Amino acid sequence: MSGPPVRAIHPGGCQRSRSARAPPKVGVTAPARARRCPLFAETFDKATSADDRSLARPRAALHRAAPALGLFAAERLTGMVVAALWAWHIGRSPRALLATSWDSKWYVGIAANGYGRTVYWPDGAVQSDLAFFPLYPGLIRAVTSVLPVTGGTAGLALSWAAAGVAAWGIYAVVERLHGRGLATLVVLLWGLLPHAVVLSMAYTEPLLTAFAAWSLYALATGRWLWAGTLAGLAGLTRPNGIAVAAAVSVVAGCELWRRRGAKGARAPVWAAAALAPAGWLGYVLWVGVRKGDVLGGYFAVQSGWTSRFDLGIGSLKVIRSMVTAPTFFGFPMALVIAGAGVLLFALFVLDRPPMSLLVYTGVLVLITIGGSGFFESKPRFLLPAFPLLLPLAAALARARPRAAITVIAALAGLSFCYGTYLTVAPTAL
């Protein structure tokens, strides 16, 4: 039953009218309750101001997120156990598969020796370690300088910690928008993505997602300096960290336009807009200076890795080759996952999300679909795009418990099996 229109505050500082759903009555009958997924519960029976005050206290916020974080830890631990058992079965080292596979080797090498490694391939390709952004290897170096651990072990520890912080940030963002039940479902689904094994490996996606989620949350709560700083750090983590900077810059621009002519202080908003792209731009320009081409040097390095933005032309060529010749299993799976991501984005847009989440997710999807090179890695590039899971989480929340549990169990099986395959696959992750 709908009530009168109310003003709802969403992440990104945007407001819009919507019908307020009446809080559930205490005496809900058993049949009515049975139609709801057990992981979903209406939680907006308290005043919004009290909810915001609770979220403002880190200890209370962590207590509220604890069930979701516990589920996330359990599913990722299970995924690692399955991968480790298979690694032992085929005579491989589980730690080596998680800590020193593909890009992990480059990050550990940068942490140990700094930048300067270039690999020349027989086909003429030239791959430089300058393609990898500096924050993650810098953190690995910091850990190994104070603890008696190897670079791979330090990378794993950082990724595991960042994954937990990211899950908490995702929970905080979604809870503010939709409540505790849906937030729990989104965190659960994020940890059960087919390629979620990356969250357990020495890769940068967990760190980027942690910075992104908390930057978006800071943006939603009006903490402009925090939003800009975290966006800047995201830009130092991965190339697609520019999506966080775009979200902060667009929302800051809208806020400055809204406040035009007002006498209120706008310095924090200006500071957020300036800080957000600083990390990404700083590294890109530094590589340009080092390569002797300030504006084009970094992009020339990326071209050596066959990575460029061509509006998806390269991806279409890969898809055509999959139709005409045999290919590795990871390629058609990447196509299916990327297609599902586009569909979920369309559903996400139809729900009229806050500007901050729309820009952030849209830029990530655009970079993933419009970029060429390493087609099999596209699902990993979409991993930080957690808002894509909102339509699926909402559908599960409305489903009958048996149907919801069946879907979650199927996703868990796919995630653990496919994740194990990715750790030993002959193609780049």
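**Salt bridges, a helix crossing and a nonpolar patch**

Leu295 sits in the loop that joins α13 (278-291) to α14 (297-304). Helices (H or I, at least four residues) and strands (E, at least two) are DSSP runs, numbered from the N terminus. The model is predicted, so local features need pLDDT of at least 70 and side-chain atom pairs count only at pLDDT 80 or more, while totals for chains, interfaces and linings use all residues. Residues are numbered from 1 along each chain as its sequence is written, and side-chain values use heavy atoms, with hydrogens and water left out.

Leu295 counts as exposed because its relative accessibility is 68%. Here buried means under 20% relative accessible area, exposed means over 50%, and partly exposed lies in between (1.4 Å probe, protein chains only). Together with Leu281, Leu285, Val289 and Val294, Leu295 makes a nonpolar surface patch of about 460 Å². Patches are made of residues with over 30% relative accessible area and no salt bridge; like charges are joined within 9 Å, and nonpolar side chains (Val, Leu, Ile, Met, Phe, Trp, Tyr) within 5 Å. Accessible areas come from the Shrake-Rupley method with a 1.4 Å probe, and for residues only the protein chains shown count as cover.

The axes of α13 and α14 come within 6 Å and cross at roughly 85 degrees. The two helices are therefore roughly perpendicular. Axes are lines fitted to C-alpha atoms, for helices over the stretch in contact, and angles run from 0 to 180 degrees between N-to-C directions. Angles under 35 degrees count as roughly parallel, over 145 as roughly antiparallel, 65 to 115 as roughly perpendicular and the rest as oblique. On the α13 side, the contact (heavy atoms within 4.5 Å) is made by Trp280, Tyr283, Val284, Val287, Gly288 and Lys291. Gly297, Tyr298, Phe299 and Val301 make it from α14.

Across the whole structure, 6 salt bridges are found. A salt bridge is a side-chain nitrogen of Lys or Arg within 4 Å of a carboxyl oxygen of Asp or Glu. One of them joins the side chains of Arg64 and Glu175 (2.4 Å, N to O). Arg64 belongs to helix α3 (residues 58-89) and Glu175 to helix α7 (residues 151-178), so the pair ties together parts 111 residues apart in sequence. Arg64 is buried, with a relative accessible area of 15%. Glu175 is also buried, at 1% relative accessibility.

Glu205 takes part in a salt bridge with Arg238 (3.3 Å, N to O). This pair links distant parts of the chain, 33 residues apart: Arg238 is in the loop between α10 (224-235) and α11 (242-258), and Glu205 is in helix α9. Glu205 also meets Arg380 in a salt bridge (3.0 Å, N to O). Asp103, Glu205, Arg238 and Arg380 are linked in a network of salt bridges.

Helix α9 (residues 205-220) also holds Thr209. Thr209 is buried, with a relative accessible area of 0%. Leaving aside residues up to four places away in sequence, Thr209 touches Ala166, Ile170, Trp190, Pro384 and Phe386.

Gly373 occupies the loop between β6 (371-372) and α18. At 24% relative accessibility, Gly373 counts as partly exposed. Gly373 and Arg308 are 65 residues apart in sequence, and their C-alpha atoms are 7.0 Å apart in space.
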